[in-house]
Amino acid sequence: MISKSASGSSLPLILDIDDFKGDFSFDALFGNLVNKHLPSFQDEEADSVDGSGTDVLSNGHLRVPSDAAKFAQGPPSPFFPEVDTLLTLFKDSSRELIDLRKQIDGRLYTLKKELSVQDSKHRKTLAELEKGVDGLFGSFARLDSRISSVGQTAAKIGDHLQSADAQRETASQTIDLIKYLMEFNSSPGDLMELSPLFSDDSRVAEAASIAEKLRSFAEEDIGRQGIDMGNATASRGLEVAVANLQDYCNELENRLLSRFDAASQRRELSTMSECAKILSQFNRGTSAMQHYVATRPMFIDVEVMSADIRLVLGDQGSQASPSNVARGLSSLYKEITDTVRKESATITAVFPSPNYVMSILVQRVLEQRVTAILDKLLVKPSLVNLPPMDEGGLLLYLRMLAVAYEKTQELARDLRAVGCGDLDIEGLTESLFSAHKDEYPEHERASLRQLYQAKMEELRAENQQESTGTIGRSRGASVASSHQQISVTVVTEFVRWNEEAIARCTLFSSQPATLATNVKAVFTCLLDQVSQYITDGLERARDSLTEAAALRERFVLGTNLSRRVAAAAASAAEAAAAAGESSFRSFMVAVQRCGSSVAIVQQFFANSISRLLLPVDGAHASSCEEMATAMSSAEAAAYKGLQQCIETVMAEVERLLSAEQKATDYRSPDDGMAPDHRPTNACTRVVAYLSRVLEASFTALEGLNKQAFLSELGNRLHKGLLNHWQKFTFNPSGGLRLKRDITEYGEFVRSFNAPSVDENFELLGIMANVFIVAPESLSTLFEGTPSIRKDAQRFIQLREDYKSAKLASKLSSLFTS
């Protein structure tokens, strides 16, 4: 701490080392040094300020007096008289601080030397401790090895003792067994003299175990002796024991089964479990398990069997429907599943091996109860004598088979969920239907053929009824309506049959390859049916066209006929024409429905069939080829029919032209009147007829078929008109009338969208100019179109002035050049 005096070097110390310990603050140290000298200075300064009247500013600074005031006060005293004292104090403090630093440095040096010595000692001690620890670890390792060795020795001793005890126990048991065996071998047929063990009901389990062991031992001994002696007679020493043991085991087993049955009737599960456990000594309890399953009411009660049949098939005398059978099987199989579930609880509580008992129970359910109802439900029909359609036909059998198979598969899954041990329930279920599935594909195809035949007979019967109602109709209408039309509804029904058959194929065929084979066969039946049906329909429609043509030929007008006969023949020809038009429309409807039917089949193939054929290489391509082949016959019939349609149309066109075209149409008299620019009556009638009759073809035909048909018809119309006009003579005004007809025809055929036909009629318009121009201008008509010169030459010969203008010689020179 700071001393009282601050002068002289011999004075006490101003600073002490303790001043720097703890929380050191230089400000505090400095204050302690100088504060004792500062108070007198601060007081004097305060007094001088108060006495001189020096102002103190608001910021704490003193206002300095003026020079006049200073001189008036006299000579100044020293401003800080303690400065010398403070300088001395600071010098002494500095000297003492240097001394303190030297003292501290000396102490630090001493401490470093001591620390080095202590560190050396500490390292030496640690090294000694590490050696001691290593030695300790070695001792522990030797101790552990010793303990392990002692443990192994103790274990060996224990094994030897256990083995010796087991041998002793075995020897003791063997002695007892030999004693019991001697008892069974001593008195043949007399079981009353046996030890009390074999007659004490409280020790039945022990007696059963010993008896089974004795029997096994005796049988093995007899077997060994028989092998050792070859063909010689085996020792008869234990045969009596074996016979007595077998009798005893049989008697004991029967007694236990009787007790088991009595407990079962009273639902005493503990007693049943005890008996089952004892019976497991005999053939692993197989007899008890089979006995329990065989005594279940559902296997021995005749009323249960009858109730099953009534539930599924309904009352006797009524034909069950697949939907009713499905509901009946669902109810029956649910009742079976519930019964098995209840039995499972009992079996689990009673038998030591419940899974094995469950496998026996489920197998018995399928082989007895389910098989009994399936035998009643599914009677496989003969493929030679098919069941009649009024009794459901083959389709009823197939539907029943599908329902039974599907419901039985569901039963198998439910029983698997309840528990059936190691039983292959899926394989067993499949075996129940193996006899039906082996011939299923043949039955499916035969059913489709039967359905088709029945449908055709139904349609023929309907057509006959309609035919009887055509009396009183016009002859033309009766020709067209007397033939049955193709029905898209019927084809849709074919597809529906096939779709149902495909669903059954998918149900019965577990392997993809087998499924693809069956599906392909079933789809082939559909192709055959649709092909035959639409081909027959097209042929019937062609027959209408043929009949109309025959009717038309019958009323062809001849020459030199009376007016009355000609009028009657013309009326008959009109009727034949009406028949032809009606037949044309009917055939176009048939073609349209044929296309719709083929589209339905193709869509069915794409949506339902193609994906099922992919697992078999080539099956898809083969079916596509078969589909094309099956439809080829229909295409051929359609092509022939369309040719007949063209013939029918052209025949009516020719009739109209012959009947309506007048010679004066193209050689009007030169009476000074304005020429008639309207088309001729024949042209108007022909165009009206074509517009009316071809409306059906525009609707029925599509794509390339429509284009080919209209192109052929347009070319035939062009050719027919050329031949028709060769019968007339033309003057210039008639040429203008002809050009107007050609324009009318050309505008109509433009709706065909056939460029070649349009070009032909355009050339006809050019050729019609040969009747209009002057003879000397004929040579200029064909300069741009030399291809029509041949037809134009024939047209020129039809000019009214052909001979008078001597055009023959001019044409000869013209066409020769």
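Is the crossing of α11 and α13 left-handed or right-handed? The crossing of these two helices is right-handed, the term for a near helix turned clockwise from the far one by less than a right angle. This is a predicted model, where local features need pLDDT of at least 70 and side-chain atom pairs pLDDT 80 or more, while totals for chains, interfaces and linings use all residues. Residues are numbered from 1 along each chain, and side-chain values use heavy atoms, without hydrogens and water.

Helix α11 (residues 322-350) packs against helix α13 (residues 393-418) at an angle of about 20°, with the axes 10 Å apart. That makes α11 roughly parallel to α13 (angles under 35 degrees).

Now to the rings. The whole structure holds 18 aromatic pairs, with ring centres within 6.5 Å; planes under 30 degrees apart count as stacked, over 60 as edge-to-face and the rest as tilted. Two of them are tabulated here.

| Pair | Centre distance | Plane angle | Type |
|---|---|---|---|
| F260 and F351 | 5.9 Å | 50° | tilted |
| Y405 and F433 | 5.1 Å | 80° | edge-to-face |

F260 lies in helix α6 and F351 in the loop between α11 and α12, 91 residues apart. Both F260 and F351 are buried (under 20% relative accessible area). Y405 belongs to helix α13, and F433 to the loop between α14 and α15, 28 residues apart. Y405 is buried at 5% relative accessible area, and F433 is buried at 0%.

Key. Axes fitted to C-alpha atoms, helices over the stretch in contact; angles between N-to-C directions. Helix = DSSP H or I, 4+ residues; strand = E, 2+ residues; numbered from the N terminus. Parallel < 35°, antiparallel > 145°, perpendicular 65-115°, else oblique. Phe/Tyr/Trp six-rings, centres within 6.5 Å; stacked < 30°, edge-to-face > 60°. Buried < 20%, exposed > 50% of the residue type's maximum accessible area, 1.4 Å probe, protein only.
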